[in-house]
Amino acid sequence: MPSNLPKEKFKIATKHLKTYKTTLWYLFWKGKNFIDGDTLYFNLWLININENKYPVTFNYKTKINVTAHSAKSSKYVLGSIYDYQGNIVNCPEVNTKGLSRIETFLNNNDLNDKGFYNLLKGSSNYPLIDYKHEELKNVLFYKKKIIVKEKETNIIVPSQLINDFFFFSFSTKLNNLIISGSIIECVNYIGRKNINGIETGIISQNRLEIGKKETLYYGRYFFTDNDAGLEAINQLRKEHLFQFKKGEKKVYFSSKIPFDFDINFNLIGQYIDSSNFLANRIVGIDSNNLSFFNIDNLIISVLNDTRSAKNYDNNMSVKSKNLTINKFTKIEENNDYRNSDQTSEIYPIIEEQPKDYSFYHTPKNEVVPKESNKNKYILKQIIGGKEYTGGSVNILGDTKEPGVTKTNIELCLYDLIQWNNFIIKTLIEICDEKGYNGHFIKLSSVKEEICYTQYKRKINLDVLSATPYGSKFFFKFILFKINFNQKNYYYFDKGAGTHSCFFSDIYHSDIESSRLTNFIRKMIVNENLRWSKARKYDKFKPDGIIIYQPIEHKENNLKIRLLKRLDFNS
């Protein structure tokens, strides 16, 4: 169900206006995304109207914009009507009176990136946003000319509707993971193979970060013909981050239809003039009997499942038949930690009744623990008969095993999570045994310090930091501060690569948030995390930071080697 407008932001937007109980607001556009702190937002553009009915006539001139979280994009439906307090009173749905319902076939050849502003400008009625705001610049949209009631009509579908329907309509939590880029640490492609006559795909699930149903909803796009779904989700999760890195202040999420054949779209909207129809919402799709996904069975390999292989092989696994996506109404409890999804809103993708074809259902699926005998067997089958060893140690590089390089990232995640758990356990043991004060540091707009005694491994990995804005890549890492003898030492470990490292302020003082963030950003962007080189040439002494001898990534005697660094530097 579509949301009310964000109340505080709505009050700010209307505080200079005379508002009456008869005032209604029409959502005519959803703007570009921008970063504030460490969160993505966008503007909802509204114009006042005098009647709660469709089609809307645009005789009034007052426009406002209300800021909302980008992760909640699909909760605000283009064409919705709100009252003077920002509460929703009407929205485009299947049976909404006054709106037009049109079906048309679209594919990615119909995608345009120029001309949207002129299309609206050519309409005498539809409201425009002043071009200085650049909200209507570089708009991605689909356009198809068809005959409707014996008249030539342009069907216009903003790409926002594509994103909301295909990718952003499961939960705000999943949306956040996608747009932040951190989805790559939660669910990834491993491979596919015909096993015993059944076309089988396998994906990974980081159970501490994402639930089963969210994993299925996102992971099914890895299994489309010609990798159309994979291209679409990769574009969606990273293109806007590249644009921000290049200096753009506001950008649209960039993606496309995740299938490479004609899709019949069922659209709700209204005519903005006699020859142009603007879609407000996608309410259903059809594939003309083509299969959306090219597997019959999907196996979710859980990266951090605590069940033993013995328990798994005694039928402790979770199996499921086809799940109807439109009926996801509550948080999964039999597969995920009960507190893992509590902040996640879950809502339907579509308004119409699900039809009996594959887009509205996930494939048949099965969850298997990482250490189970069955999982080891399937992994061995999919990677071509070789024993599974975890792939490359470099999370930003190609995996070395043949047949598993599809996402350029995947199998090393097994090693990554195991290493993070191991290093966190080791740091906690050091603080316990030596009586040191230890804090995990999370960097965002502020520096959050979490005492190691409060860390609960079985709940989550929330003590990890994410790369600062402006870094080359997105990944999470451990940043840990140890204090003893009135001296502060910082430990950085990204769980992949060959070395981790201690560093400190030149006077062993506490390093404030902005300085710490700048140092880590420079190490990533300028030094590519080459600690030895940065230490050898004292590259950060002008910044008042000392880098100590890096520590090789080996589990053997790690605690002893960490303690030696601390003892040597004290």
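User: How many aromatic pairs does the count come to here?
Analyst: The count comes to 35 aromatic pairs. Rings of Phe, Tyr and Trp (its six-membered ring) pair if their centres lie within 6.5 Å; planes under 30 degrees apart are stacked, over 60 edge-to-face, and the rest tilted. This is a predicted model: local features need pLDDT of at least 70 and side-chain atom pairs pLDDT 80 or more, while totals for chains, interfaces and linings use all residues. Residues are numbered from 1 along each chain as its sequence is written, and side-chain values use heavy atoms, with hydrogens and water left out.

User: How far apart are the ring centres of Tyr436 and Phe484?
Analyst: The centres are 4.4 Å apart, and the planes sit at 20°, so Tyr436 and Phe484 are stacked. Tyr436 is in the loop between H9 and strand S17 (437-443), and Phe484 is in strand S20 (residues 476-484), so the pair ties together parts 48 residues apart in sequence. Helices (H or I, at least four residues) and strands (E, at least two) are DSSP runs, numbered from the N terminus.

User: Is Tyr436 buried or exposed?
Analyst: Tyr436 is buried, at 9% relative accessibility. Phe484 is buried too, at 8%. Buried means under 20% relative accessible area, exposed over 50%, and partly exposed in between (1.4 Å probe, protein chains only).

User: What about Phe519 and Phe540, stacked or edge-to-face?
Analyst: Phe519 and Phe540 are edge-to-face, 4.8 Å centre to centre with 80° between the planes. Phe519 belongs to helix H10 (residues 513-525) and Phe540 to the loop between helix H11 (531-536) and strand S23 (545-547), so this pair ties together parts 21 residues apart in sequence. Phe519 is buried at 2%, and Phe540 is buried at 4%.

User: Which residues do ring pairs link into a cluster?
Analyst: Ring pairs link Phe165, Phe166, Phe167, Tyr221, Phe259, Phe261, Phe265, Phe292 and Phe293 into a cluster.

User: Switching to cores. Which residues touch the most other members in the largest nonpolar core?
Analyst: Tyr26, Trp29, Phe166, Ile183 and Phe265 do, in a core of 85 residues. Strand S13 (residues 276-286) gives the most to this core, with 6 residues. A nonpolar core is a set of buried Ala, Val, Leu, Ile, Met, Phe, Trp, Tyr and Cys residues joined through side-chain atoms within 4.5 Å.

User: What is Ile183 in contact with?
Analyst: Leaving aside neighbours within four places in sequence, Ile183 is in contact with Leu174, Leu177, Ile178, Asn188, Ile210, Tyr218 and Arg237. Contact means heavy atoms within 4.5 Å.

User: OK, charges. How many salt bridges?
Analyst: The structure holds 16 salt bridges. A salt bridge is a side-chain nitrogen of Lys or Arg within 4 Å of a carboxyl oxygen of Asp or Glu.

User: What does Glu429 form a salt bridge with?
Analyst: Glu429 forms one with Lys425, with the closest N and O atoms 2.8 Å apart. Both lie in helix H9 (residues 412-434), 4 residues apart, about one turn of the helix. Lys559 also forms a salt bridge with Glu429, at 2.9 Å between the closest N and O atoms. That pair links distant parts of the chain: Lys559 is in helix H12 (residues 558-569) and Glu429 in helix H9, 130 residues apart. Salt bridges that share partners join Lys425, Glu429, Glu433 and Lys559 into one network.

User: How accessible is Lys559?
Analyst: Lys559 is partly exposed, at 23% relative accessibility. Glu429 is partly exposed as well, at 24%.

User: And where do Lys145 and Glu152 meet?
Analyst: Their side chains meet in a salt bridge, 3.8 Å from N to O. Lys145 is exposed at 52%, while Glu152 is partly exposed at 49%.
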